Amino acid sequence: MAHTATATEYRPQNFSSLVGQDFVSTAIKNSLNSKKIPNAFLLSGPRGVGKTTTARLIAKGLNCIHGPTGEPCNNCPQCISIKEGNNSDVIEIDGASNTSINNIKIIQEEIQYLPAAAKYKIYIIDEVHMLSKSAFNALLKTIEEPPEHVVFIFATTELNEVPATIKSRCQQFNLRLIPHNIIENNIKKILTDKNISFDDDSVKWIAKEGKGSLRDAYTLLDQIISFCGNEITLNKIQSKLGLAGKEQISQLITCILNEQIMDIHLKLSTLLNSGCRIEQILSDIISFFRDILLLKSHSSSDDIKNNSSYYSPEILEKLSIYDVENILDLSFGFYEKLKYSINQEMELEFFLIKLSRYKDFIRPEALLKQIKTLQTSFIEKKKLVEIPKSEINKQEIHKSDLVPEVKPISQPVVAKIEVSAKEQPLLIEKNIIPEDKDETKKTFSDYDINKKNLKQIFSCTEYR
């Protein structure tokens with residue numbers, strides 16, 4: 001018997017087994033049970049989350065002998081033929097290879113005919129965003145008012161590239177990435193069914209590498225079963241795939257923080273000789289520091305807390321949150337430049353040695369913050385020096401300290417003499433000044449203080 005891929009063998013056959021998409025499955029089941037069937041469905045979401053599976057479940061629910069129903073029986077000829085992929089009334093079209101308007105014209109001609117054996121003729125168009133603009137325009141009238149026996153189901157990973165005119169004529173459902181714990185539970189169930197022993201760390205690693213895609217996780221599981229046999233362990237996976245474990249990454253980072261240049265060289269050489277890829281090593285280092293950042297900020301998940309033995313107290317004590325942010329910033333910048341390197345191994349070694357002096361690097365944001373702090377401090381000191389007049393206590397300042405004793409000066413002789421404009425300069429030379437009716441007496445203000453007195457006032461520690 002031919003080998004069947006795990007993703008195909010364990011494809012959900014009813015809405016209750018469609019894991020991680022509770023909202024979508026509930027909404028579609030209610031629509032089918034209430035016999036309110038839209039002209040077109042639009043399913044969007046990342047790869048491997050169940051778009052095509054959902055489309056086939058809708059086709060089953062519509063064409064089941066008990067349908068339309070949200071719980072297809074999976075036993076009638078229609079359900080069996082849809083499961084096997086040979087139902088003549090359920091047509092699956094690859095939108096990436098059938099993009100022209102001519103392909104749409106063929107569909108427009110076919111929908112005029114009644115289904116051969118089922119209740120509905122269903123067109124499932126995968127990657128619908130790949131259709132040309134003219135093909136989309138040709139679809140508009142067709143999906144808006146199709147014959148009663150026709151239902152369209154569109155699937156796409158790029159919802160933003162589907163025209164708004166198409167979206168407005170469809171009932172839209174967005175499928176999300178599947179949580180890691182759900183992927184873990186499915187993998188454990190499959191391994192138990194196949195009588196394959198495993199450890200929890202290996203299953204967690206497979207679920208994490210799936211990155212929310214159940215199909216990707218199943219594909220990776222098939223590869224691991226092929227070389228691990230009936231016993232799957234994380235050590236076997238790391239040795240066969242050339243992966244750096246957290247323990248080795250922890251030792252490498254300890255050498256970096258202690259500025260042990262020779263040990264950095266030896267650890268890196270060991271990882272590379274064991275088959276680890278340079279990009280994977282750098283990615284593992286970034287993931288390690290990310291976990292440290294979450295631990296330092298007290299927002300780590302249970303998975304990180306359970307593996308806290310890899311994050312030694314020495315590492316946690318040496319690194320502050322700012323240090324980790326700085327290291328991550330440097331690492332991401334180096335990762336972007338790595339693909340343009342002429343010698344990736346040498347540049348990675350140089351980067352790790354450079355990373356050991358992480359305390360010497362200051363990010364532009366931190367530099368601007370320091371400049372702003374200095375500016376604020378300067379302004380505050382300036383405000384202390386410029387004391388308002390009302391704040392000076394006149395009673396505590398002695399008169400002898402402010403104004404020196406002034407000896408009486410003989411007042412000029414003022415005489416009422418009528419003189420002409422020509423004779424006025426002579427009177428000034430003789431100290432005889434005509435009387436000015438608008439003249440006002442001069443008074444000393446509180447700021448008429450000599451420089452010596454100012455220094456005495458502001459030399460106290462309060463104004464330093």
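**Close-up 1. The salt bridge between Lys 188 and Asp 200.** In this predicted model, the closest N and O atoms of Lys 188 and Asp 200 are 3.8 Å apart; a salt bridge is a side-chain nitrogen of Lys or Arg within 4 Å of a carboxyl oxygen of Asp or Glu. Lys 188 lies in helix H8 and Asp 200 in helix H9 (residues 200–210), so the pair ties together parts 12 residues apart in sequence. Helices (H or I, at least four residues) and strands (E, at least two) are DSSP runs, numbered from the N terminus. Lys 188 is partly exposed, at 26% relative accessible area. Buried means under 20% relative accessible area, exposed over 50%, and partly exposed in between (1.4 Å probe, protein chains only).

**Close-up 2. The salt bridge between Glu 9 and Lys 194.** The N to O distance is 3.7 Å. Glu 9 is in helix H1 (residues 6–9), and Lys 194 is in the loop between helix H8 (180–193) and strand E6 (197–198), 185 residues apart.

**Close-up 3. Contacts of Leu 319.** Leaving aside neighbours within four places in sequence, Leu 319 is in contact (heavy atoms within 4.5 Å) with residues including Phe 289, Ile 292 and Tyr 358.

**Notes.** Residues are numbered from 1 along each chain as its sequence is written, and side-chain values use heavy atoms, with hydrogens and water left out. Because the model is predicted, local features need pLDDT of at least 70 and side-chain atom pairs count only at pLDDT 80 or more, while totals for chains, interfaces and linings use all residues.
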